[in-house]
Amino acid sequence: MARAVTQQRKLINTAIAWGIGLLIFFPILWTILTSFKTEATAIADPPVFLNFDWTLENYTAVMERSNYAKFLWNSIIIAGGSTLLGILVAVPAAWSMAFVPSKRTKDILLWMLSTKMLPAVGVLYPIYLICIKFGLLDSRLALVVILMLMNLPIIVWMLYTYFREIPGEILEAARMDGASLKEEILYILTPMAVPGIASTLLLNFILAWNEAFWTLNLTAVNAAPLTAFIASYSSPEGLFFAKLSAASTMAIAPILILGWFSQKQLVSGLTFGAVK
Amino acid sequence: MGQIKLNQVTKSFGDVNVIPPLDLTIEDGEFTVFVGPSGCGKSTLLRLIAGLEDISSGQIQIDGQDATNVPPAKRGLAMVFQSYALYPHMSVRKNIAFPMKMAGIDEAEQNRRIESAAKALNLTDYLDRRPGQLSGGQRQRVAIGRAIVREPAAFLFDEPLSNLDAALRVGMRLEISELHKRLKTTMIYVTHDQVEAMTMADKIVVLRAGNIEQVGSPLDLYHNPRNEFVAGFIGSPKMNLVTGAEAQKHGATTVGIRPEHIDVSTTEGTWKGRVGVAEHLGSDTFLHIHDTGLADLVTVRINGDIQVSHGDDIYLTPQLDKLHKFGADGLRIN
Amino acid sequence: MATQHSRSAARLMMAPAVILLLGWMLVPLIMTLTFSFKKYLPLRGGDLGWVGFENYTRFVTSSAFWPSVVATLAIVGGVLVITIGFGILLAILLNQPMWGQGIVRILVIAPFFVMPTVSALVWKNMFMDPTNGLLSHLWRFFGAEPVSWLSEASMTSIVMIVSWQWLPFATLILLTAIQSLDSEQLEAAEMDGAPTFKRFLYITLPHLSRAITIVLLIQTIFLLAIFAEIFVTTGGAFGTRTLTYLIFQRVLEAQNVGLGSAGGVYAIILANIVAIFLMRIVGKNLDA
């Protein structure tokens, strides 16, 4: 649709959109700015916007709390582990459904989705009990497995959508060329699906990183990730705005950056392909 | 060696019977074309031979060995797909090398075969490109190259030219024929285009609804079509089929006469009609004749040119020795 | 395209995912169902035997039940109205020609990537704190009395926080839907003489209806389950105890597993009602 839009119209659009965009983004921006202030400046009235003495003392303070690195590490292990494990389980399943569809494929896919809709709170105690029974309460392994299971439907679904776009003839050609099933998946399908697998990884890493029901309820000290670390600020400690901001910034920065890359996949991933 | 034999092969998808019991032998070194309208089961038949689909019952033999339950990779057949099915993430060289890599052929031998295939197929300059950077004809040649290097017992082609434009198609047709003459390997070629079938085949298998209508050499099919369907399907323009009183005169339910076997006159002849559209090809002229009282439209092929105008009266005379007669069951009467 | 061989391979490769999910669904579900028919107090005697439907009746007759339903509906309803309403407006705005569209898009989407505990805490302390929060500074600037957001306007505050988190999701999906609208349709309507607002009403909005339904259903499922936002802000106080939070309190804080499990079954039924509609849409899309 090539049509001349008056510069004036475009200018107005730009101004409104940027205004609203910045308003929505403001809490994040404010958090980042506050993280560089001293505690006194952070609560100053009237608030100081940019002209303050920038300091890194909050970051050092947060880092010095001996356990911050551990929380971060737990987040990485839990989000990364659950995502990788999920991909490992999901790739063969998605291959089957995309390339050897049967009458039941659709039902299986929908059923998988339906498990995603079970409210976590409905099964909180059983999971809690199982964790205790196997000595997995407050362990990273439990969370890796639980978050993997939680996101597995989305992972299968996303991969299925990507695989379906790969023409079946190419896989048949590989079969004719003498490739075994393993070689077919390893040499042909996986390399062709790399972009799809990458975006699936990304989105599910983000979802697992931000998950805050199981991570809050099943961890205490050892396995607690950043969600729990931040939640610990809900005590009066939270009144140290600058330190809270520094900790928050560190918890969300990596994901904001990853999220920026994944915005396209976000839509089809979270709507199970219903909106493209 | 590459003799392929189908014994009482059937295929059904659920309740739908695609291939009723079918027997067919393809001799070693033969260029066999499966031809038929879309949905006739010709691609399914090819995929059964390839092993990409299971047969529901019956037996497939390759070189006298039962191959019915042998997976595609182990049948020693190579296939060229309609979409070429090149691996988009590999260079042309890697594409061609892939089947040899799977077969565990050593690298020196791989390179030797790649070089010779590339030379034969004019791909030497493109070996390091990706399929996405090639034209349709070049991709087709890569797909053929990938098939050749395996030195298969037989080549299977699934409508390989249908994605090419008309000019390229004629060129590739010749290249594939040339390849067959040189390699003398069995080839099975599926197409819906009877011109491809006529020009390339040693043996044509005409299929309709999973049934073999006729097997024979191109000229055999042209001169002696076994039934009305083959008569109408083989030959271009299509044979004129006439029913009713005119057919009865010759003791048949239907008579067929090819457009090239009708003589034309502006003054006298057996049938009278009115000139419709005239298609001038230079070498030939196709006249479409209305109001003959025989069929809706009678097509006539004339060598060279003829000066007639739309709406002129015209007289047609069939060459009686070239008349094909068919009975009520559609079968040929001799 | 399948042989017996590839079909059995397919079944084998699907097995891990299917078995895992089946276990993940059935084992806890059956346990929850079992507990819900028992008097089960882990810290006060443990399993005290079957009690029939007593937990179910007690859960719905407790004084906390109806307020929690009201709170849940208020939060879900409020957030849905805000996110979808503003989402449509924002999507239309972002679809207009402008400078720096990509950057604005990122600014708008960003809140979705902020972990729930962070956004809840940042809002709670840095914005809604009655003495030092930014909003209280703002109120004072205009000479007004600062509001104790999370105690005096607790519901509004939580709806605000959650809406801020979910607005990006709604916007992004609606924007994607708007962009898939064939511009020729709008041009045809324009040629037919339809003014801007009518074009929106008769062309754009119907085109968006499917996306709106999907946003509605997906958000409902997630919003029914919001937890961290309440956990770190009010802890369920000041009328913000949702059904999810009530069950959480019954199970883990009061350690009344039987009662909590009965509540859990209610929550599962509720979520399934919404899920059925969502699955219908998704399923239809699979056939296409």
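**Chain contacts and helices in a predicted model**

The contact in this predicted model takes 17 residues from chain B and 15 residues from chain A.

Reader: Which element of chain B gives the largest share of the side that touches chain A?

Author: Strand 6 (77-80) and helix 2 (92-103) of chain B each supply at least two residues of that side. The largest share is four residues. They come from helix 2 of chain B.

Reader: How many charged residues does the side of chain B that touches chain A have?

Author: Chain B brings 17 residues to the contact. By class, 15 are nonpolar and two are polar. The charged count is none.

Reader: At what angle do helix 5 and helix 7 of chain A pack?

Author: Helix 5 covers residues 105-116 of chain A, and helix 7 covers residues 140-164. Their axes lie 8 Å apart. The crossing is left-handed. The packing angle is about 145°.

Reader: Which residues of helix 7 of chain A make the contact with helix 5 of chain A?

Author: Helix 5 of chain A contributes Leu109(A), Met112(A), Leu113(A), Thr115(A) and Lys116(A). By class, the contact has eight nonpolar, one polar and one charged residues. From helix 7 of chain A come Pro153(A), Ile154(A), Val156(A), Trp157(A) and Tyr160(A).

Reader: How far apart are the end C-alpha atoms over residues 65-94 of chain C?

Author: The unreviewed UniProt entry annotates several stretches of chain C as "transmembrane region", including 65-94 and 106-123. Over residues 106-123 the chain is 67% helix, with end C-alpha atoms 20 Å apart. Over residues 65-94 the chain is 100% helix and 0% strand. There the end C-alpha distance is 42 Å.

How values were computed: Residues numbered from 1 in each chain as written. Chains lettered and ligands numbered in written order. Predicted model: local features only at pLDDT ≥ 70, side-chain atom pairs only at ≥ 80, totals over all residues. Contact = placed C-beta atoms within 7 Å. Nonpolar A, V, L, I, M, F, W, Y, C, P; charged D, E, K, R; others polar. UniProt positions renumbered as here; feature names shortened; annotations may be inferred. Axes fitted to C-alpha atoms, helices over the stretch in contact; angles between N-to-C directions. Left-handed = near helix turned anticlockwise from the far one by under 90°.
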